[in-house]
Amino acid sequence: MGKTLFDKIWENHVVKHIPDGPDVLYIDRHLVHEVTSPQAFSALKARGLKVFRPEKTFATCDHNTPTIDQDKPIADESSRRAVEQLAANTAENGITYFPLGDPGNGIVHVIGPEQGIVLCGQTVVCGDSHTATHGAFGNIAFGIGTSEVEMVMATQCLLQSKPKQARITVNGRLAPDVTPKDVILYIISRLGTDGCTGCFVEYAGEVFRDMSMEGRMTVCNMSIEMGAKGGMVAPDSKTFEYVAGRRFAPEGAALQECISRWSALKTDEDAVFDKEYVFDAADIRPMVTYGTNPGMGVPVDGTIPESAVGCDAATFDKALSYMGFHKGEAMSGKKVDYVFVGSCTNGRIEDFRAFASALKGRRKADGVTVWLVPGSKSVEARIEEEGIGDILRGAGFEIRQPGCSACLAMNADKIPEGKYAVSTSNRNFEGRQGYGSRTILAGPLVAAEAAVTGCLGIPAGY
Amino acid sequence: MDKIRTIESTAVFVPVDNIDTDQIIPARFLKTTVREGFGEKLFYDWRFNPDGSPARDNPLEGQKGVILVAGNNFGCGSSREHAAWALHDAGFKAVVSSSFADIFRNNALNNCLLPVKVSEAYLERLSDVLRTAPDTVLKIDLGAQTISAAGAGEEKFEINGYKKECLMKGYSDIDYLLSDKDAILEYEAGHRPN
């Protein structure tokens, strides 16, 4: 029987198998941020150890960082302490660290690929559930807890049981107003928020082959939102072109040697998955969520259904009551108070290009607060280089500084209680964007439409 | 690390599906750099209003026990181990659900908090019992891999042999990995750096 892409990478990283137990899995890249690492560094120190392979470990600060006045000390004392702690811990252990304001700084899952830290055929972990993002390059990438962060720091290994595998195929071509975010919101709405629990997912088919690397990252990023351990796309020429020339990527003959190895990273034709799902691109419309988990999604021109996959009736009703919505209501036309564009899901240059292109000469609507937050310093610079900054400012928008921002509202960017926020981030959980905040997840085009009309609606002019 | 053999207790019953780690411990409490003190922040926004006064419809109100019984897909969302720390710090020793998110499950196991995955049918029976008799005592036997309660009967649950031994003897994964450094060095020597 043939092997899957996942099998091939996994087997190449097994140090040993424990009978009736997990595998010892070798980790190629460990990404670190300030929220889930301090307790691991302290525990390591208490054992009298240092990071075992600091050259495979890279750190950034992103969750606690403000998106204005980054040249000033962080005003929130505990946030400032958390960031200072990371600087001290990385210095002590010889780890490459991108501090606030550094040209390499940004959201951990944006800078990993952007800096060429993450390559192909690797095992990549981070104390962060959206580590799945890096599967876009044909990697086994997954989020871990802080005890596991400590294990990787101490030994460059983890104890992991091999998960089940699922393949999600989307055939056909997407309509011009359908973005990668709509594709993944559609998939999660069909499979439910725990539809792939215990599984690692491979995305296959024409839609993902045609998709840009940044689009693949958006899709893989949200694999965790249907419970998957991670998601991946087989690397191809687009992947190799993306990697070439990046700061930490191999160069010249070394890169060519890598590419010839990476080219073999694909699922064999006779490989068998535990679960197979097939969807048609023609069925996918611009999506929004109406509830309090990412599986509660409908087309923006659709209505709120009577139930959702993987949600019992009481939980479903509780979600609608939190959102202030009712069954059968149309989503289109609903008023919004905030728009947030950014996060490790949709904070890359293509997302800001899409947002700007969807304005079509229109200006920011009065009464809507819009936060445009680049995913990294590099994205921030590209926005200006490409003239997108001028277009956005000319239309009444303000561009903030990079970080996780309102995705999880650990900094000052909080959506007030009861307010509706169209957000290009990844989670619409109760209180995720601030106490009592009501999040409507969407892609950058639907976000742009909301920013210029103040309402939900189909992106105009496509 | 603590050890687990049997756990006998009344249940804290929260019949809600998809309880995510943002509910278990909101992100604003993650700024601290230590592991301690998360218990008092457990389910904070369910228990308190924004002004700190007790919430009117707190689903945990008046319930006591070291076993949390929750709806399907417990612990989904963020990888924050703070969720497992908060439950452990608040005194919980086990969580019972028909499904656990993968990262939460590992985090729980690494903190001697036993995730007991039962069938949907058993969870339904147990929920019916807890609705009518909230003082019912649940018994979890890790050695026998069983959970039982009067009125709901007994069910076996799965756990791999390695993890079971770790929990029963108080071993941790990191000790295992550190004891096997030679195998790791051997792997590195035999593989091209990636």
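The centres of domain 2 and domain 3 of chain A are 23 Å apart, taken over C-alpha atoms. Chain A divides into domain 1 (5-160), domain 2 (164-235 + 257-283) and domain 3 (287-453); these bounds come from an automatic or database domain assignment. This is a predicted model: local features need pLDDT of at least 70, side-chain atom pairs count only at pLDDT 80 or more, and totals for chains, interfaces and linings use all residues. Residues are numbered from 1 along each chain as its sequence is written, and chains are lettered from A and ligands numbered from 1 in the order in which they are written.

**Domain 2 against domain 3**

- Domain 2 of chain A gives 21 residues to the contact, and domain 3 of chain A gives 21 residues. Two residues are in contact if their C-beta atoms, placed from the backbone, lie within 7 Å.
- On the domain 2 side, the elements giving two or more residues are α6 (180-191) and α8 (213-221) of chain A. Helices (H or I, at least four residues) and strands (E, at least two) are DSSP runs, numbered from the N terminus.
- α6(A) supplies the largest share of that side, eight residues.
- By class, the domain 2 side has six nonpolar, eight polar and seven charged residues. Ala, Val, Leu, Ile, Met, Phe, Trp, Tyr, Cys and Pro count as nonpolar; Asp, Glu, Lys and Arg count as charged; the others, Gly among them, count as polar.

**Helix pair α6 and α8**

- The axes of α6(A) and α8(A) are 8 Å apart, and the packing angle is about 25 degrees. Axes are lines fitted to C-alpha atoms, for helices over the stretch in contact, and angles run from 0 to 180 degrees between N-to-C directions.
- That angle makes α6(A) roughly parallel to α8(A). Angles under 35 degrees count as roughly parallel, over 145 as roughly antiparallel, 65 to 115 as roughly perpendicular and the rest as oblique.
- α6(A) and α8(A) cross in the right-handed sense. A crossing is left-handed if the near helix is turned anticlockwise from the far one by less than a right angle, and right-handed if clockwise.
- P180(A), K181(A), V183(A) and I184(A) of α6(A) meet G215(A), T218(A) and V219(A) of α8(A).
- These contact residues divide into four nonpolar, two polar and one charged.

**Sheet β11-β10-β9-β12**

- Four strands of chain A form this open sheet, in the order β11-β10-β9-β12, with parallel pairing. Two strands pair if DSSP finds at least two bridges between them.
- β11 (230-232) and β12 (275-280) of chain A are at the edges with a single partner strand each, so one side of each has no neighbour in the sheet.
- Neighbouring strands here are turned by 20 degrees against each other on average, direction ignored.
- β10 (residues 199-204) of chain A pairs with β11(A) in the parallel sense over three bridges. F200(A) stands opposite G230(A) in β11(A).

**Sheet β16-β15-β17-β18**

- This open sheet of chain A also has four strands and parallel pairing, in the order β16-β15-β17-β18.
- Its edge strands are β16 (369-372) and β18 (438-441) of chain A, each pairing on one side only.
- The twist from one strand to the next averages 20 degrees.
- Four bridges link β15 (residues 338-341) of chain A to β16(A) in the parallel sense. V339(A) has V370(A) as its bridge partner in β16(A).
- Helix α16 (residues 444-453) of chain A lies across β15, β16 and β17 (420-423) of chain A, at about 145 degrees to β15(A).

**Chain A against chain B**

- The contact takes 59 residues from chain A and 48 residues from chain B.
- On the chain A side, β1 (14-17), β2 (23-26), α2, α3 (77-93), α5 and β8 (157-160) each give two or more residues.
- α5(A) gives the most to that side, with seven residues.
- The chain A side has 19 nonpolar, 26 polar and 14 charged residues.

**Elements on the chain A side**

- The axes of α2 (residues 38-46) and α5 (residues 146-155) of chain A come within 8 Å and cross at roughly 50 degrees. α2(A) and α5(A) are therefore oblique to each other.
- β1(A) and β2(A) pair in the antiparallel sense over three bridges, and H17(A) stands opposite D23(A) in β2(A).
- Their hairpin has five residues between the strands, and D20(A) takes a positive phi near 50 degrees in it.
- β2(A) and β8(A) run antiparallel, joined by four bridges. L25(A) has L158(A) as its bridge partner in β8(A).
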